[in-house]
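Subject: Structure handover

Hello,

Please find the structure below. My notes on it follow.

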Amino acid sequence: MTVGAVWVYLRRERFESGSLSITLTNFALATAVAMPASVMVQFCLITITSLSLTTVVSWSLLLIFMAIPYAFSGVVVSLALTRSPFPTGQVYGVDLLGASFGCMGVILLLNLLDGPTAVIASGAVCGLSAIAFAASAPSEDRQRLESRSWWRRPIPITIALMVFAILNSMAPVGMRPILVKNNFETYALGVYEKWNSYSRIVASSPTLHFPDMWSVSPALSGNMRIMQAELNIDGAASTPMSHYDGTPDSISFLQYDLTSLAYRLPGIRKSAVIGVGGGRDLMTAHFFGVPDITGVELNPIFINLLTKNPFYKNFSNVTAVPNLKLHVDDARSWFASTNEKFDLVQMSMIDTWAATGAGAFSLSENGLYTLEGWHAFFGTLNDDGIFTVSRWYSPGNIDETGRMIGLATAILLDSGVKDARPQMFVASAGKIATLVVSKKPFTPEQLRILHQTVRSLGFDVVLAPDQPPQSPLLRAITESQDRASLDHVMDGTFLDLSVATDNRPFFFNQLRFLSIPRAAQRFFRKTLGVGVVLGNLTASAVLIMILFISILAVIATILVPLRDAARACPLPLAVAGSLYFSLIGMGFMLAEIALLQRFSIYLGHPIYSLSVCLFSLILASGLGSLTSDRLKLDSRGKLQTWAILVVAYLVAMGKILPIIFQHTTGQDRLVRIAISVAIIMPLGFLLGFAFPTGMRLVEAVDRQPTPWFWGINGATGVLASVLGVMFSMALGIHVTMLLSALCYLALIPAAFALLRMRQRIVSRVAVAEFEGELPRGV
């Protein structure tokens, strides 16, 4: 969008000479058409990761075509702000109001339509804006627009996009991805496909094959064949749905999976499953005779498949399980609010590896693997209840399991246990490790059953109360007698095994930023292994690459083209203005990233955080921008008071949010959304004053360099979006929030400098008017 504004500046003679209404109509229409066209081109590109020039070219093309609609929209916003007869604050405020409602509308669109159709519908909305711009034109300009060919007029194009959206949503062969996460999709017609705001689910037709299990025991006959359907999640993750004919034999294979280990223990009468998926864990509990089973699933598509879809309901036959209760909710909120108590709570392999709109490291599962989250689950157990978690495991680097074991140790230490070892049992099989943690020390009978099961099924014991861990690091973790000693052990490791909290909810990332060079060195020496750290190294390299590309893009498309605008103004104005707009761009984006990450845990999914946080921030910023035209920050006292209020609110949020979240996590999602809006709106309102205030101060001195300052604001915002993720991962979300506060604190001297320049100009004008050199009011 900033590139669009730069385009307007560089071609200002052309844009200033043409009709504003016609230009706005043209570029709004270009945005409308570019949206679906951009997605279509993206679907046609082969974007895989390989060390080749082809990869660089394909990804560059992807980024370029992805950006085109936003560049066109940047032209529209830039012209509306700089050439319309309305005050800057009013235009900017109205633009933000529209954007805020778009943030909430995206959830509605994605729940009603598939992803590509939602983009086409968004293009139609842009078409409506083109119609509005055309309607606002003078009669002469309207006649010129109406004399065009139909394919250049806004009404026919908008209607065509609406029809395209309807047909695409109904047709089985419309716009759809061909390559998804390095995998070509060859699904035949008639395959079930459903999108919502969480994900895209594709259910295959059932086939007869060897059971698809996480960690199969060698004791299971290789001749076993069952009917299973694959439920694919966002192109990479998947969960199987097995056929149940009402007899134990049809699901007997489940007893050979390591994830079912805890069900061997006696006395389990009531269990709960976190993440229902295709129903495998529900059927495991049923096979082992648990009479009361509860399943909590975030994604309603899975529940609809299991309970309402005519084919998959009868295929899975989950509804035939007696005393089965299914809840569509985020697990953490549901467990925090329920009064039920369970003998066993199971969470097996809950990770879709699906990045979200809130950022590539804001995985939808982050909130399930934090200390606060596990406290919510642990708190629903009976006095002798069992909590079992299964995660990926690297046989060549068993220390990676320390993240899960350390989290379990922290839970037990927080509950008053001095020695966590008697209450933990971990077994492994292949690439899976299963943790079984009890609220009380395991009895000799329970240990006998666990050991016997592991031996008979050919699994391995990683640690047990009567068997020390295979790794010195795991031994040091489990022998920690308090949180301080546990944290000390974690801090001294090459891997980041620290206890994941809501402040640093990045359980899946085990690579410290300072360890990246060492990890890269080990990778090139082929001594790194193939565990989680290899994926973390790849992800970190991508994040660094994105920062590098962002810097190059900002320099090439914003700073270099606008350098003449900076040179054209006095040096003090260039320095003070650049500093002011850099700080508000950096400060706003750091606050936004921190809020997105913090509220994604509270609201249960990053898509809610993205929509609610942006809606609140943008809506309130728009109101603040509108208010800034009447309540102008035109004195040192007002500027300083405003900046201190922003800083104080940001600092207070870092302290108060954990307390609010702790006491309200169990509330209904609508209540939590209302609380979120109430918390964020005051901050957004205050932040809305910054941009129009800066523009007024600069324009009072010299209007020529305003494009440069706009570009600086956009450039620093782009870079801060990447830096914000890095700061949160390395130091914690609260540090990102504090850095945002520091930006607004540093804003005070820059704002004062601009104010002094403005006052000098006003003084000179007043003197000139007094001496008769200028007419009054000029």
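Helix α4 contains M66. Helices (H or I, at least four residues) and strands (E, at least two) are DSSP runs, numbered from the N terminus. With a relative accessible area of 35%, M66 is partly exposed; buried means under 20% relative accessible area, exposed over 50%, and partly exposed in between (1.4 Å probe, protein chains only).

On provenance: this is a predicted model, in which local features need pLDDT of at least 70 and side-chain atom pairs count only at pLDDT 80 or more, while totals for chains, interfaces and linings use all residues. Residues are numbered from 1 along each chain as its sequence is written, and side-chain values use heavy atoms, with hydrogens and water left out.

Surface patch

M66 belongs to a nonpolar patch on the surface, together with L63, V542, M545, I546, F548, I549 and L552. Their accessible area together is about 680 Å², from the Shrake-Rupley method with a 1.4 Å probe, where for residues only the protein chains shown count as cover. Like charges are joined within 9 Å, and nonpolar side chains (Val, Leu, Ile, Met, Phe, Trp, Tyr) within 5 Å. Two or more residues of the patch come from each of α4 (53–83) and α19 (532–559). The largest share, six residues, is from α19.

Pocket

The second largest pocket has a volume of about 580 Å³. A pocket here is an open set of points on a 1 Å grid over the protein atoms alone, where a 1.4 Å probe fits, with protein on both sides within 12 Å along at least five of seven lines; lining residues have an atom within 4 Å of a point. Grid points are joined across faces, edges and corners, and the volume is the space filled by probe spheres set on the points. The lining of this pocket has 28 residues, and E16, T82, R703, T706 and P707 lie nearest its centre. Elements that each supply at least two lining residues are α1 (2–10), α2 (12–17), α4, α5 (88–112), α25 (690–701) and α26 (706–731).

Strands

Strand β9 (residues 292–297) is largely enclosed by the rest of the structure, as six of its six residues are buried. D292, T294 and V296 point one way from β9, and I293, G295 and E297 the other way. β9 pairs in the parallel sense with β8 (residues 270–274) over five bridges; two strands pair if DSSP finds at least two bridges between them. T294 in β9 is the bridge partner of A272.

β6 (residues 226–233) and β7 are antiparallel, with six bridges, and N232 has S238 in β7 as its bridge partner. Strand β7 (residues 237–242) is mostly covered, with five of its six residues buried. The hairpin of β6 and β7 has three residues between the strands, and D234 there takes a positive phi near 55 degrees.

Loops

M349, not a glycine, has a positive phi of about 55 degrees. M349 sits in the loop between β11 and α13 and is buried at 5% relative accessible area. I350 is in the loop between β11 (342–348) and α13 (371–378), and counts as buried at 15% relative accessibility. N317, in the loop between α11 (310–316) and β10 (324–328), has a positive phi of about 60 degrees and is not a glycine.

Regards

Note on methods. Patches are made of residues with over 30% relative accessible area and no salt bridge: like charges are joined within 9 Å, nonpolar side chains (Val, Leu, Ile, Met, Phe, Trp, Tyr) within 5 Å. A salt bridge is a side-chain nitrogen of Lys or Arg within 4 Å of a carboxyl oxygen of Asp or Glu.
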